Amino acid sequence: MEAEFPALVSARLGDRVAAVEVFPGTLGRVRFRAEAALDVFRSMRDDFAFDHLSMVGGIDWVDHREVFYVLWSDARRAYVILSTDLPAENPHIESATPTWPGANWHERETWEMVDIHFDHHPDLRHLLMPDGYVFHPLLRSFKLHEPEELEVKTRNV
Amino acid sequence: MAAEGVRKEPKSADNPILWVARPMATAARQFGKSLIRPSTIVYPFERLEDPQFREEVAVAAGKPIGVGAVWDNYRGVHALNVATCISCNLCAFSCPDLCIDMVTVPGGDPKHPKKCPEIDYGKCSYCGFCSDACPEGCLTMTTRYELSTAKRSEMVYSPAKLYEVFQRKLPMNPVRIELPENEDAILLDPPLCIGCNACSRDCPTQCITMIDIPKVGPKPGEKPAKRIWKEPVINDSDCVRCGTCISVCPKECLFWGSRT
Amino acid sequence: MNASSVTTASGTAKAPGTELPVVTQPGVPFIEIETLRAKEFLPAAKEALSAMIAERGREDLTQPVFNWAGRNSLFPLHWGLACCAIEFAAAFGARWDAERFGIVPRSSPRQCDLMIVNGTVTWKVAHKLIALYEQMPEPKWVIAMGNCATGGGPFRTAYSVVPGVDKLVPVDLYIAGCPPRPEAMLDGILKLEELIRERKE
Amino acid sequence: MSEMWINMGPQHPMTHGLWNLRVHVDGEMVLDVDPEMGYLHRGIEKISEDRHYNEVVTLMDRCCYVAGLAWEHLYILSAEQALGIRPPERAEWIRVMSEEFQRLGSHLMWYAAFVQDIGLMAPFLYGMRDRDLVLDLFQSYTGARMTYEYMRVGGVRNDLPNGFTDQSRKVCDWLIDRFEEYDRLCLASAIFHKRCDGLGKMSRADCVAYGVTGPMLRSAGSKRDLRKDRPYSAYDRVEFDVATADGADVTARYLVRMEEMRQSVRIIRQALDWLDKNPGPVMAARVPRWLGAPYAPIGNEGYLLKRNYPKGLGLSAIEEPHGEAQAYIVNDGGEHPYRVKFRSPVFANISAAKKYLVGYRIADIPPIMGSVDVCVGECDR
Amino acid sequence: MSVTLLSVATAISQAILGAIGSVLPQPASGAVTNVNTVDGLAALIFAAILLLASMLNTIVLIWWERKLLGRFMDRRGAMHVGYAGLLQNFADGIKLFRKDTVKPREADTLGFWSGPTAYMVTSLIIFAILPVSTGWNSGSLPLSLLLALAVFSFAPLFIFVSAWSSNNKYSLIGGMRSAAQMIAYEVPILLAVVAVVLVSGSFDLQTIVLEQTNYWFWVPLFLALVVFVAGMLAEMERIPFDLPEAEAELVEGWNTEYGGMMFAFFMLTDYLRALLGSFLIVLLFLGGWTMPGWVPAAATSFPLAGIFWFMLKVYIVFTVFVWIRASLPRVRTDQLLRVGWNRMVPLALLSVVLAALLVTVKCLPVLGCIPTLGG
């Protein structure tokens, strides 16, 4: 069943999927094109029975940004990872909340941390940071201040 | 209600009087058990690390279980044996919270001041990485846990204070962790080395010796070079891999590598 | 105040020569005598008492009692921020019973006099912490329990953590530890009780 | 009665941690709920990008402070997959035993907080006393009560002290008959049933759709347990049952968690027998120097470029006491992990608060939130 | 010879005034030692003794509960302040009196200060009414039981006053819920009392206790006892009918705005009412200071024996309340009120019918006969 999963996916989704890489411990890592997000989500849920979305994450690769989804299927008892690349300036992707309601908070946190805008999200507002916060902490450009700046060092006792 | 894994739960009785009978009976039984000796350890006078609690302790009222070898491996306030410390900075490098500073210890020859770790207990998270990384085993963690002060600055323990804790001979952390054998060693890139002797001077365990290296002899007819070239040779068994020589070398010709 | 006239049970007045009006005429009611004495006695007594209080200072009279009472019944605020809160709860468990010292956690700040900051203080909770501190009536104390409250602990470099609660509220006592054991917390509270004992104002 | 928004603010005995439940109330009934998180967001994912691999373990114990070792196990499994390092077998069994002991500790803490919400005052003390016994065992082999820093990439810090296994067996026997006592205090009292039956219903379909996992999902009848569906470490060599109930309400979650504690004791006993019989190394033979403890992480960039360590991705998923937790680590070959992303089960369970809180009375919120077993540290990371 | 509170008070005032009289000159000492000043001072001392006894008893009750609750919870309870924690409650009291009382700006001044004080004072008055032993009460009031219950039921009014006047929306809701709970449980209590009065024939507590000299009422009127205990639990707001404590967790308890001295009044009054509840239960059902026949005469003949046995019974009843508090969870607000109206009131009516049956038939098949009623 695991072996022909990549073939099944590329057969079903065709050009929307760039590649299905091998990922140990899961059925595979499906790299899909960002514009075809909604159809990929719906087909994953309906055709491949991945009814449980457990995680949405964003990675800032400085020149581009990546969003990855981890799905679980009770029928197949296995995970699959969907991942897509978005341009660095004003990245946009369709929200997965209509297909999996559980994605609501995950997407709010990903927007807050890595500044990826999810279209048609019910209420995309701050979740972990105070409401007026303008920065996006998990971008590589956001530098943590060095510990030494915080306190005067006591030298040579 | 009884699913596959769940046992049949004791249903509450139907008649109202028994609604409360069983829980009250349980509370009464507990009352009887802890009437004479409840499970409380009266802290300022009795302490959990007293030997009397090793076997018999009313930790669970009614059935003494004893605390066993609980305190042999405890990570509390550090004890530093300043005498054996070779100031190799390994503890300062390995601390994730950057709360260890290498501070000169008064006394000793002023030209080569001896530096020992000074720990700020307001930042230390007692993870024990420093005592694991200490090659000489002179920085160990004791079972002392009380540390509360009114002034924040009193939380910074100088090497002298840590030595005091060491002298009090509190039971220290006997469990030495299992170090995987690691083939990394410090290698030399010969053409870059100018033989300035900085590494062998600063090596905390003095395991670098400078040896004469016969440079290519002078071409016939030229005067033999006045300078005798020297190169460091590192004795791997003594080296504690503290990386001081790498950071001290002006030409950066020493680097991590593997001999095999 | 000179000795008043001494009368025996039989009621005959054997008063030595005193300038106070000797009750010889019949029919002078007792109450009148007392009011005369009171008029003269009270101001003197009041002035002597206030002098004594001012001179000896209020501490010698009532402060030790209030210090003893304040020391032995500290009501901490019933809240928990992070990992230190679990050790705070364990201190009220069966093994280290903190209620022995009269420490009863209360859930409304109006009834507490000790705020134990047990955990990481983030900027989002900072103004709520200050509001809670102001709700507590005087005299009140603050204990910074654990390294996160003392100086930000392992998270002090984070963008959302206040590096030390002494930047928000005046702290009376710091307890080191990450998290401090329940005994270390009790030891801290006993040390705070010593501080209260020597409190002057 | 007028409708109004009530702030069960961050400082509230019911919340057991720092989060704010804004409740839209009409008189007694709850119309709408808006949980507000982030009061304990400490930026763990950002800090771990500056730390070496083994130094992130200290953040894991403080991330979920009730199930520290489980979260260490989660992070280490994903780091080992990203770095391509395999631990020895004895370390795997020690990790399984530690995670099961941590499940006992976490569920005992849940029991203490849950019964106090309903109003039972005595069992809070029983729960904390029995949890202290489990913490004593942790202190004997890891060195600390709650913040263990015990697991490393490639194994565990040190082996079990001698005499540990029979001390643990004594504690396991003690806990088994304590669970009888807990059931008599709760299940046998009619007021408990009157307070908890039929509250906070969350059907199985809703659970799966909202990403709710763990005891809340298993109380709705599903038999999903990662230790059985996708076994990791030594869980495939251990037999146990998955505790399920089909009431989907607060009492069902109570039953599932009590049964899970009994199953944990069963697993621990099997692990102790195996550990007694096969001594062996607990640390992988060869571990790169710059991972941090047990070595001091003195690496210089030059060294790494020459040794071009493999890049890699790691996804690990464990059955944490609150539910299903995941860690996704991106390793770009450098000393520090490039990106660390955690999935916290409590994060998903609270995000579904609208489904199991709306429609009940305001006096039912403490029992329902007690049965959800909120650990705010892991939720806000 | 019987030593009564009044005789003790007059003896003390006699001694004091005698001493003062001997010092003063003749006309003044005459005025001092005449009869009516002695009686006046005796009344004062009588009231002082009563106040002191009730306050001290309450504080010992708080200590007794904390120690018992500790033992139920497998821990030690207060022990480091004074011997075995006896001074703990004095420390709490002095500290709370010392804290500065904070009044919210918009709170209504009169209600805010007078609410808690009146709440405490009305509970204190009842101590004067309830007889503790033969003669140890303020004279034989023919309707002492009715007066006690009337003053006892002032509490919901003052809770409502203090809740409303602290001008806090949540305190108002909390106050309304507490008042509703207390009023809901007054009806079953009064009906249970009616059953007792039917059997004993008079409202005077003295005669009720005398009626029970050799046959305590809890045997025939067991149903009334259960209803009365449940009602008292709700009146005293103790678990399982523990509303204000729960309110502090849910919305905002009605005593959240109060700190310092006012909060001390609330804490003290909770235990005052618990003491009063135990007094009433012992007087009405457990035969007050009378001991059953088989107790040897020596045990009931030493001076103040009545008071000793009476207080022993009161503490035993209170121990049962603490036992209930340690082992049962809290009932929800609406369940509480539903149980109050739908379960308690019918049971109380049933107990009244049983009592009436008992009075007419004089003997019941199951419960046996009431010999005294023959006379």
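A residue is called buried here if 20 or more other C-beta atoms lie within 10 Å of its own, exposed if 12 or fewer do, and partly exposed in between, with the C-beta atoms placed from the backbone. The model is predicted, so local features need pLDDT of at least 70 and side-chain atom pairs count only at pLDDT 80 or more, while totals for chains, interfaces and linings use all residues. Residues are numbered from 1 along each chain as its sequence is written, and chains are lettered from A and ligands numbered from 1 in the order in which they are written.

By that count Arg144(B) is partly exposed, because it has 17 C-beta neighbours inside 10 Å. Arg144(B) sits in the loop between strand S4 (139-141) and strand S5 (148-149) of chain B, where helices (H or I, at least four residues) and strands (E, at least two) are DSSP runs numbered from the N terminus. Leaving aside residues up to four places away in sequence, Arg144(B) touches Gly76(B), Val77(B), Val165(B) and Leu170(B), a contact meaning that the C-beta atoms, placed from the backbone, lie within 7 Å. Although Val77(B) and Arg144(B) are 67 residues apart in sequence, their C-alpha atoms are 5.6 Å apart in space.

Chain B also holds an open sheet of 3 strands in the order S2-S3-S6, with antiparallel pairing; two strands pair if DSSP finds at least two bridges between them. Its edge strands, each pairing on one side only, are S2 (100-104) and S6 (156-157) of chain B. Between S2(B) and S3 (residues 115-120) of chain B there are 5 bridges, and Thr104(B) has Lys115(B) as its bridge partner in S3(B).

Where chain B meets chain D, the contact takes 51 residues from chain B and 60 residues from chain D. On the chain B side, helix H2 (21-33), helix H4 (90-94), helix H5 (129-133) and strand S10 (254-258) each supply at least two residues, and H2(B) gives the most, with 5 residues.

In chain A, helix H3 (residues 103-114) is largely enclosed by the rest of the structure, because 12 of its 12 residues are buried. Among the buried residues of H3(A) are Trp105(A), His106(A) and Trp111(A), and the cover over its buried residues includes strand S3 (52-60), strand S4 (64-73) and strand S7 (117-119) of chain A together with helix H13 (345-351) of chain D. Directly after H3(A) comes Asp115(A), whose phi is positive, near 55 degrees.

Terms used:
Contact = placed C-beta atoms within 7 Å.
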